[in-house]
Structure formats: C-alpha cells, structure tokens
Amino acid sequence: MDTRLSEIQQELVAAANAALEKHADIDTIDATLALPCGYDERLYGLFAELGWTFLGFETDEESTLVELGLVVERLGSFGVPTPLRAVMSAANLAARASGGESPLLAQISEEGTIVVAVNATRGTARPRLVEWAGAASVLVVATRDGDEVVVRAVDAASVRIDSVEVFDAERTDEVLTGDPAGDEIGRLSDEAWQEWRGVDRLL
C-alpha cells in the first residue's frame, strides 16, 4: 500500500506550515491562552479562508478525514489552541446523519460557525464534559431513540454550559442539555454511530 502523501496533501501540509509559522508564533499563542474565549477568532477566520473548515465532511476526495488529520496534526505540533478539531468532528457527525445535506455544514465551512458535538446517548439528565462547548453557538446533540441515534442542531444558548478548569490549551465545559429542543439533522443506525465515535476518538 502506498502511504505517501498525494500532491494535494503535500500542498495542504505546506500551506498549513506557512500559515502557522506566520500567524501562530509562541507570543501569539501565549496571548491567546489568556483570552476569555480561549482561541484566536481572527486565526480561526483564516482557517475558514484556507478551507480547513470544509475538511472531514467526506463529500469529495479532497475533504476526507485524512486531510483533516494532517491539519489537526500541524495545529497540535504548533500548540495552537483552537476548537477546529472539535468543530470538524461535529461537522462529520452532521454530515453522516444528513447524508451531507444539512444546512449546518455551510455555516461551519463558509461562515466559520463554532459547532461541537454532545454525546447524550446515555441520557440527558446528567451533564457531559464537552470540549469547546462554551465557544459554540450550536450544539450537535445525539440522543437515543430505540435502535437509532437522533442527531439534532440545538441552540447553545438554550442549554446549561459551565466551564471546567483544565491544565492545557483545550477548553472543556460541562453541558447539561436536558430534553434538547432543536431541529433534527438526521438519524444514524447504531453501527453508523459507532463508526462516528471511532472517528471522533481518532481525531
């Protein structure tokens, strides 16, 4: 099996290195960590301009999880605090549940909307720890309905989100959804749900 990066993938890595070397020096990262939101909104806007908020949708051969993984690895190497990984994991869930048709995907890729996933399949009465929930305007909430998993887009302002003190750059929050009211994105079989959970762990 040929494990070499394709030409497009090599260009992606080179562009990521160039952008991060220019915009994510150590002083910038230190300043970002002190921000209330925990990430540089200007830098996240640059990620959207570079097309990184489209990676991982799996809607074509240039938006696969491999390309997303390459960018996430570069961000980790530079130590950039950013919700991009969490957002793109939620985007992948929304894409799977909707067959790539959810309007939320355009908001993520084109507008840079911060969206994160909440796994509430074991019940909604207890809070869940969710990375970057406090920065999100929309939560992609997964709940059980018999043998299926229902995926909804929920207004983050409609649920309880409490920050949790952590010792790294990734912000973590405690989310209590209660009975989530939101637009249904789609449904997944248990097998498809477990596949997404595997993707989320890999990222």
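In the predicted model, helix α4 passes helix α5 in a left-handed crossing. Two packed helices are described by the angle between their axes and the distance between the axes. For α4, which spans residues 65-78, and α5, which spans residues 84-98, the angle is about 165° and the axes lie 10 Å apart. Because angles over 145 degrees count as roughly antiparallel, α4 and α5 are placed in that category relative to each other. On the α4 side the contact is formed by L65, L68, V71, V72 and L75, and on the α5 side by L84, R85, M88, N92 and R96. Sorted by class, the residues of this contact comprise seven nonpolar, one polar and two charged.

Helix α4 also packs against helix α1, which covers residues 7-23, at an angle of about 25° and with the two axes 10 Å apart. With angles under 35 degrees counted as roughly parallel, α1 is therefore roughly parallel to α4, and the crossing of this pair is right-handed. From α1, the residues Q9, L12, V13, A16, N17, L20 and E21 meet V66, E67, L70, V71, R74, L75 and F78 of α4. The contact of α1 with α4 divides into nine nonpolar, two polar and three charged residues. V71 and L75 of α4 take part in the contact with α5, and V71 and L75 are likewise listed in the contact with α1.

In soluble globular proteins, nonpolar side chains tend to be buried together. The largest nonpolar core of the model contains 60 residues, of which F47, W52 and L139 touch the most other members. Helix α5 supplies the largest share of this core, with 10 residues. When neighbours within four places in sequence are set aside, L139 is in contact with V116, V118, R152, A153, V154, A156, V159 and V175.

Most residues other than glycine have a negative phi. The phi of W132, by contrast, is near 65°, a positive value in a residue other than glycine. The relative accessibility of W132 is 1%, and W132 therefore counts as buried, since that term applies under 20% relative accessible area.

How values were computed:
Residues are numbered from 1 along each chain as its sequence is written. This is a predicted model: local features need pLDDT of at least 70, side-chain atom pairs count only at pLDDT 80 or more; totals for chains, interfaces and linings use all residues. Side-chain values use heavy atoms; hydrogens and water are left out. Axes are lines fitted to C-alpha atoms, for helices over the stretch in contact, and angles run from 0 to 180 degrees between N-to-C directions. Helices (H or I, at least four residues) and strands (E, at least two) are DSSP runs, numbered from the N terminus. Angles under 35 degrees count as roughly parallel, over 145 as roughly antiparallel, 65 to 115 as roughly perpendicular and the rest as oblique. A crossing is left-handed if the near helix is turned anticlockwise from the far one by less than a right angle, and right-handed if clockwise. Contact means heavy atoms within 4.5 Å. Ala, Val, Leu, Ile, Met, Phe, Trp, Tyr, Cys and Pro count as nonpolar, Asp, Glu, Lys and Arg as charged, and the others, Gly among them, as polar. A nonpolar core is a set of buried Ala, Val, Leu, Ile, Met, Phe, Trp, Tyr and Cys residues joined through side-chain atoms within 4.5 Å. Buried means under 20% relative accessible area, exposed over 50%, partly exposed in between (1.4 Å probe, protein chains only).
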